[in-house]
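The following exercises concern a structure shown below.

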Amino acid sequence: MTDYKMKPVEGTVHFDGAQSTKGFNFNKMCFSFNNEDARQAFLADPEAYMDQFKLTEDFKQALRDKDLNKLLELGGSIYYMAKLAGIFGWNMQVIGGMQSGRTTEEFQAYLDSQGRGKTTNG
Amino acid sequence: MAKIIGGITTSHIPAIGVAIDKGLEDTPYYRDLFAIYPPIREWLGEEKPDIAVLFYNDHGLEMWLDKKPTYAIGCAPEYQNADEGWGIKPIPPVTGETELSWHIVNHLIENDFDPTVCQDIKVDHGATVPMTLLWPNHTYQGIKVIPVAINCERHPMPKPSRSYAFGKAIGDAIRCWDKDQKVVLLGTGGLSHQLDGPRAGILNADFDNWCMDKLVTNPEEITQFSNVDLIERGGAQMVEIAMWLAMRGAMGDGIPEERMRNYVSPISNTGVGVQLLIPQD
């Protein structure tokens, strides 16, 4: 049999077929947030909106808690979770901090510590 | 015959699009990044390509998980974009080039690549941010665009070596198209970044610069890596180098001239590389 198993990478959930299967309804809900009316409908009544997409209680609770790592573990895809940013007023540094246990400022400093000074122009 | 006049690699991160919308190009945070674009625009202005073949990945605007092509090619006369949920402004539609699109599709199928063929797709920031960077203020009316999408969202993703080979086949198709047209290739996305999980925020400037070196001189060294090798070195979204490899594959086997390079890290959560490569006849 072809070996297609991906090597684990610490601190990372590979978004593969198994995850995509578990997370389909949740990611489908997040996909709907491309539409402004959908974002407003979620904000007006998050519980009803989550029911409409048949989210499991695990997903509902993780979203109530804004526990992004839990959402990833359950089958969320970061590309769809990013659409929550528009609803909750986050940017990618806020999201990065929430997932890595840092404040937004600490997360920004972590990014800067790896990159700044390595700029090349030419 | 059609001629490939150059290849441009560029980031497509949404924050760059937002920075343009807000007029932040000359602020300290963005200045080094935007410095590379005026000379590239000058080159585009002098060379006047007729067509841009644009490699990008869809991030859940048109191709979401329900039907997610591994490779897809636009064959539409026009491409709209739309609200993606977090505030980047849509731009006016870009014009397609259906005759070359179909030529590429026919050539690919004859050469054992089987992409999804799209006659009506919206393109997302993966395509619109590069268009805005290279032709600001919606000045892209003079150029026709063929978007080529690569799955970078859900595993299994195509192997880096496959995307390079896919690009090679597209390059061969362009070069055998019987029209006197100038084509520029755009490889968008990357480089090191990871948006998701406890490991979010990792960057690898040394690996990014190694990849930029090898993209010019020996791209096959990059294609030795699996996607998970890339994830280990440059984060979960380092896999977006697939679009750079496809672009470089399309340029052909000779070593191109590296006319310009810029690398800034971080912009948003990403190591941002830009290169202008000119194929040598």
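**Exercise 1.** In which helix of chain B does R248(B) lie? Determine also whether R248(B) is buried or exposed.

*Solution.* The model is a predicted one, and the average pLDDT of chain B is 96, with 100% of the residues scoring at least 70.

Step 1. R248(B) is part of helix α9 of chain B.

Step 2. Around R248(B), 30 other C-beta atoms are found within 10 Å. The criterion for a buried residue is 20 or more; R248(B) is therefore buried.

Step 3. Leaving aside residues up to four places away in sequence, R248(B) touches G7(B), Y164(B), G167(B), G187(B), L215(B) and P219(B).

Step 4. As a further distance, the C-alpha atoms of R248(B) and I91(B) are separated by 27 Å, the two residues being 157 residues apart along the chain.

**Exercise 2.** How many residues of helix α9 of chain B are buried, and which residue follows the helix?

*Solution.* Step 1. Helix α9 of chain B spans residues 241-251, and eleven of its eleven residues are buried.

Step 1. The buried residues include I241(B), W244(B), R248(B) and M251(B).

Step 2. After α9(B) comes G252(B), which has a positive phi, near 100°.

**Exercise 3.** Describe how helices α4 and α6 of chain B pack, and classify their relative orientation.

*Solution.* Step 1. Helix α4 (residues 98-110) and helix α6 (residues 160-175) of chain B pack at an angle of about 125°, and their axes are 9 Å apart.

Step 1. An angle from 65 to 115 degrees would count as roughly perpendicular, and one over 145 as roughly antiparallel. The helices α4(B) and α6(B) are therefore oblique to each other.

Step 2. The crossing of α4(B) and α6(B) is right-handed.

Step 3. On the α4(B) side, H103(B), I104(B), H107(B) and L108(B) take part, and they meet A169(B), I170(B), D172(B) and A173(B) of α6(B). By class, this contact comprises five nonpolar, two polar and one charged residues.

**Exercise 4.** How many residues of chain A are in contact with chain B, and which element of chain A gives the most to that side?

*Solution.* Step 1. The predictor assigns the complex an ipTM of 0.96 and a pTM of 0.97.

Step 1. In the contact between the chains, 45 residues of chain A face 40 residues of chain B.

Step 2. Elements giving two or more residues to the side of chain A include α2 (24-32), α9 (92-100), α10 (104-115) and β1 (120-121). The most comes from α10(A), with six residues.

Step 3. By class, the residues on this side of chain A are 18 nonpolar, 20 polar and seven charged.

Note on methods: Residues are numbered from 1 along each chain as its sequence is written. Chains are lettered from A and ligands numbered from 1 in the order in which they are written. This is a predicted model: local features need pLDDT of at least 70, side-chain atom pairs count only at pLDDT 80 or more; totals for chains, interfaces and linings use all residues. pLDDT is the predictor's confidence in each residue, from 0 to 100. Axes are lines fitted to C-alpha atoms, for helices over the stretch in contact, and angles run from 0 to 180 degrees between N-to-C directions. Helices (H or I, at least four residues) and strands (E, at least two) are DSSP runs, numbered from the N terminus. Angles under 35 degrees count as roughly parallel, over 145 as roughly antiparallel, 65 to 115 as roughly perpendicular and the rest as oblique. A crossing is left-handed if the near helix is turned anticlockwise from the far one by less than a right angle, and right-handed if clockwise. Two residues are in contact if their C-beta atoms, placed from the backbone, lie within 7 Å. Ala, Val, Leu, Ile, Met, Phe, Trp, Tyr, Cys and Pro count as nonpolar, Asp, Glu, Lys and Arg as charged, and the others, Gly among them, as polar. A residue is buried if 20 or more other C-beta atoms lie within 10 Å of its own, exposed if 12 or fewer, and partly exposed in between; C-beta atoms are placed from the backbone.
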